[in-house]
Amino acid sequence: MRKLTAAWPVLAITVLALAGLAPAAQAAPGDIEEALGRVPGLTVVSENPAPTGYRFFKLAYTQPVDHRRPDRGTFQQRFTLLHKEFRSPTVVYTSGYNVSQSPNRSEPTQIVDGNQLSMEYRFFTPSRPDHPDWGKQLTIWQAAADQHRAVEAFKRIYPGKWLATGGSKGGMTATYFRRFFPDDVDATIPYVAPNDVINSHDRYNRFLANVGDDPACRSALKAIQRDVLTRRPEFAALAAADAAKNGYTFKTVGSADVSLEISVIDSYFAFWQYQRQSDCATIPKAGAPAAEIYAWFERVESLNTYSDQNLEVYVPYYFQAAYQLGAPESYEGYLRDLLRYPGSNVSRTFVPDSVEIPRFDHLAMPDIDFWVKSQGKRLMFVNGENDPWSAEPFKLGFGTKDSYSYTVPGGNHGARISQLPAPQAAEATNTVRRWAGLPPVSPGVSTRSAPAGFPDFDADLTMLERRRL
């Protein structure tokens with residue numbers, strides 16, 4: 001969970017350009033860099049190496065701090081662009097967090113073999129205004145408006161079909177974008193996107209109580225949690241040594257002891273989020289040497305997860321979870337006799353006191369849920385059977401058109417179309433291609449083989465999301 005830092009130039013633009021009133025760019029020229037130079041408010045920060053047949057750019061785009069009040073100023077939002085061809089389909093992607101600095105291709109981009117515009121979510125450093133008003137400026141609508149302006153601007157360059165996608169919080173973001181601006185893209189493919197339409201329930205806890213097909217695995221996880229809390233001084237000493245080595249502090253959550261306790265609680269959720277059923281064999285036995293158990297937690301959920309330094313990059317997410325998104329209740333009842341801070345594992349705990357959180361918006365998620373069920377079209381939701389975030393998924397409804405929902409058997413938070421049973425994978429792949437205006441692929445032909453030079457997409461992004469969306 002390393003913080004991404006970079007120096008991004010501040011672009012001076014006219015009020016005319018910010019308002020989107022600048023003359024439309026002419027038809028895209030043969031050179032992509034020249035075409036980018038014609039987009040009002042866009043700066044090419046650098047062109048970086050890319051696999052053969054592609055060009056990869058780091059960009060900065062000027063966005064209003066408040067789309068409802070454009071006169072309130074601007075900020076620079078980070079983007080990357082993986083360019084293939086002007087006439088190819090284009091995928092707009094976000095993780096819902098920081099933007100990856102590598103030339104990755106999301107699965108829909110691989111399926112359509114197209115361009116990919118990736119964007120950083122507002123308020124994630126460095127895409128943050130100098131003097132942010134969190135309650136008014138960090139909302140799902142404001143973020144959707146960011147995507148709307150960007151897609152409109154880049155359609156000057158890419159006139160073909162457009163798809164929106166993202167995983168986890170990025171999948172939620174793609175869905176919200178489509179709800180508020182339904183005609184901006186031709187289709188939306190959200191991955192492992194939870195739909196916390198009811199913010200006070202025990203659906204997640206019921207899911208966690210029965211997840212997987214091996215009760216012994218669930219028992220082993222609970223046993224190791226209890227073992228750590230029973231031997232708290234031993235593990236606190238190991239965590240303290242690690243914190244001292246890394247310069248960790250714990251002002252936001254209150255103390256290192258609070259961080260340790262919440263991390264132990266979270267480890268059950270985190271295991272099922274990113275591990276697989278086969279990883280049950282790696283769970284240490286209660287009573288094993290502390291160093292062995294500590295090392296296992298480092299792989300699953302570090303006991304220093306909630307240090308100020310590790311939380312810093314995620315504050316915008318926790319703010320949104322406490323304000324509009326909602327979050328799972330803490331699965332901790334079976335540990336209550338060992339807890340010193342019961343009920344502390346809530347989103348507000350992870351937001352600094354300096355950031356004021358408005359009263360929870362109980363209408364935001366029901367509005368999205370109702371739109372999906374009543375008006376959504378060309379949506380494809382992909383979930384993992386064992387992923388806790390799939391405990392409350394988006395569901396299609398009476399008014400949903402040309403839309404699909406798939407669940408990867410035994411899948412976790414990295415569920416992909418390619419992991420579905422072969423008939424479903426082929427069906428979903430050809431649906432995405434149809435939405436992109438492309439012909440179906442022949443049986444047995446893969447569209448996902450990455451050209452040499454592309455890093456593994458999942459490996460580059462996984463550490464952006466530990467217990468967070």
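**Disulfide**

I counted disulfides in this predicted model, taking a pair of cysteine sulfur atoms within 2.5 Å as the rule. The count comes to one. Cysteine 217 and cysteine 280 form it, with their sulfur atoms 2.0 Å apart. I read -85° about the S-S bond, so the link of cysteine 217 and cysteine 280 is left-handed. Cysteine 217 lies in helix 8 and cysteine 280 in the loop between helix 10 and helix 11, so the pair ties together parts 63 residues apart in sequence. Helices here are DSSP runs of H or I with at least four residues, strands are runs of E with at least two, and both are numbered from the N terminus.

Next I checked accessibility (buried is under 20% relative accessible area, exposed over 50%, partly exposed in between; 1.4 Å probe, protein chains only). Cysteine 217 is buried at 3% relative accessibility. Cysteine 280 is buried too, at 14%.

Local features need pLDDT of at least 70 and side-chain atom pairs count only at pLDDT 80 or more, while totals for chains, interfaces and linings use all residues.

**Helix 9**

I compared length with expectation (1.5 Å times one less than the number of residues). The 15 residues of helix 9, 232-246, should span 21 Å, and the end C-alpha atoms are 21 Å apart, which agrees. Arg232, Phe235, Ala239, Asp242 and Ala243 are buried in helix 9. They cover an arc of only 100° around the axis, which puts them on the same side of helix 9. I took that arc from the directions from the helix axis to the C-beta atoms. Pro233, Ala244 and Lys245 are exposed on the other side. What covers the buried residues includes helix 8 (215-230), helix 10 (256-274) and helix 11 (290-300), with contact meaning heavy atoms within 4.5 Å. Just after helix 9, glycine 247 takes a positive phi of about 75°.

**Aromatic rings**

I paired rings of Phe, Tyr and Trp (its six-membered ring) with centres within 6.5 Å; planes under 30 degrees apart are stacked, over 60 edge-to-face, the rest tilted. The count comes to 23 aromatic pairs. Tyrosine 317 and tyrosine 318 form a tilted one, 5.0 Å centre to centre with 55° between the planes. Tyrosine 317 is buried at 2% relative accessibility, and tyrosine 318 at 4%.

Key. Residues numbered from 1 in each chain as written. Heavy atoms only, no water.
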